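This report is meant for someone meeting the structure for the first time. It begins with one question about how the parts are arranged and then works through the chain region by region.

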Amino acid sequence: MKKTILKFMAVAAVFSMGLCSCDSNKADKSSDISMTISSDDPMNAYLDYFDALLSNDAETVILMTTPVAYLEEMKLKGMYDTLVTQTEDIVIKYALLAFNEQYGEDIYIDFKEELKKTPLSEEQLGYALQCYKASYGHLSAEINIIEGYEITYTYEIVGSKTSEEKSETACFVRVENDCWKMLPVTADTLKEYKEMQNVLSQQ
């Protein structure tokens with residue numbers, strides 16, 4: 001069954017938000033969260049996510065979708081290392097199995113073109129912020145989203161068995177003092193995505 005990367009990311013993002021919701025009361029031993037991937041180009045959040053997925057780099061996969069303020073608090077509460085391990089064992093493992101089955105081995109992404117870039121409205125930025133607050137309501141860290149875009153782009157997935165060119169639309173937001181993050185939804189569905197996170201956070 002064929003899936004776009006965006007559809008997979010939406011499922012993975014929802015799932016990973018529920019991976020770590022308990023406090024171990026013991027700080028993780030790993031080093032501070034790195035933001036060296038930060039770039040002025042929001043599309044790098046997408047490209048870095050996919051590259052990290054293929055190289056089993058769980059920390060970058062997480063960083064491209066989750067604000068650093070939340071990750072630092074998870075570290076202090078002993079939740080971060082578990083999130084990394086479960087991302088490797090569940091999210092990345094499932095993704096690689098799905099992509100290898102469809103495209104074969106030695107997969108890479110060839111970014112083609114940015115077709116359209118539309119700034120998010122203040123209301124849409126508010127929905128994006130509410131998405132994060134609903135997803136990480138068990139954490140006390142505060143974040144501020146300072147800008148965002150809905151971007152339509154084309155890319156090609158190339159593997160040993162086949163290749164396929166696709167077009168997708170997603171939202172990208174810049175969190176203050178952080179790098180660009182990708183939300184795997186369109187601007188029109190940000191409100192519905194936020195409401196879905198509210199429901200999941202109450203379960």
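Which strands does H2 lie across, and at about what angle does H2 run to E1? In this predicted model, H2 lies across E1, E2, strand E3 (163-175) and E4, and its direction is at about 155° to that of E1.

## Overall composition

The protein contains 7 helices and 4 strands, and, read along the sequence, these elements follow the pattern α-α-α-α-α-β-α-β-β-β-α. Of its 203 residues, 50% count as buried, while the accessible surface comes to about 9900 Å², with 48% of that area belonging to carbon and sulfur atoms.

The contacts can also be described by their separation along the chain: among those between residues at least 6 apart in sequence, 77% join residues that are at least 24 apart.

## The sheet and the helices on it

The 4 strands form an open sheet in the order E1-E2-E3-E4, with antiparallel pairing. E1 and strand E4 (180-183) are the edge strands, each of which pairs on one side only, and from one strand to the next the twist averages 35°.

E1 and strand E2 (residues 145-158) are paired in the antiparallel sense over 10 bridges, and within this pairing Lys117 stands opposite Ile151 in E2. Helix H6 (residues 122-135) packs on the sheet as well, touching E1, E2, E3 and E4, and its direction makes about 80° with that of E2.

Several residues of H2 are buried, namely Met43, Ala45, Tyr46, Leu47, Tyr49, Phe50, Ala52 and Leu53.

In soluble globular proteins, nonpolar side chains tend to be buried together. The largest nonpolar core here has 56 residues, of which Tyr46, Tyr153, Phe172 and Leu190 touch the most other members. At least two residues of this core are supplied by each of H2, H3, H4, helix H5 (80-103), H6, E2, E3 and E4, and the largest share, 8 residues, comes from H2.

Leaving aside its neighbours within four places in sequence, Thr66 is in contact with Leu71, Tyr136 and Lys181.

In H4 itself, the residues Val68, Tyr70, Leu71, Glu73, Met74 and Lys75 are buried, and the buried residues of this helix pack against H3, H5, H6 and E4. Just after H4 comes Gly78, which takes a positive phi of about 75°.

Lys116 is found in strand E1 (residues 108-119), and its relative accessible area of 53%, over the 50% limit, is why Lys116 counts as exposed. When neighbours within four places in sequence are left aside, the contacts of Lys116 are with Glu150, Ile151 and Thr152. Lys116 and Tyr149 are 33 residues apart in sequence, while their C-alpha atoms are 9.7 Å apart in space.

Most residues other than glycine have a negative phi. At 40% relative accessibility, Asn56 counts as partly exposed.

Asp106, which lies in the loop between H5 and E1, likewise is not a glycine and has a positive phi, in this case of about 55°. With a relative accessibility of 65%, Asp106 counts as exposed.

Notes:
Residues numbered from 1 in each chain as written. Predicted model: local features only at pLDDT ≥ 70, side-chain atom pairs only at ≥ 80, totals over all residues. Heavy atoms only, no water. Buried < 20%, exposed > 50% of the residue type's maximum accessible area, 1.4 Å probe, protein only. Contact = heavy atoms within 4.5 Å. Pairing = 2+ DSSP bridges. Axes fitted to C-alpha atoms, helices over the stretch in contact; angles between N-to-C directions. Core = buried A, V, L, I, M, F, W, Y, C linked by side-chain atoms within 4.5 Å. Areas by Shrake-Rupley, 256 points an atom, 1.4 Å probe, with all protein chains shown as cover.
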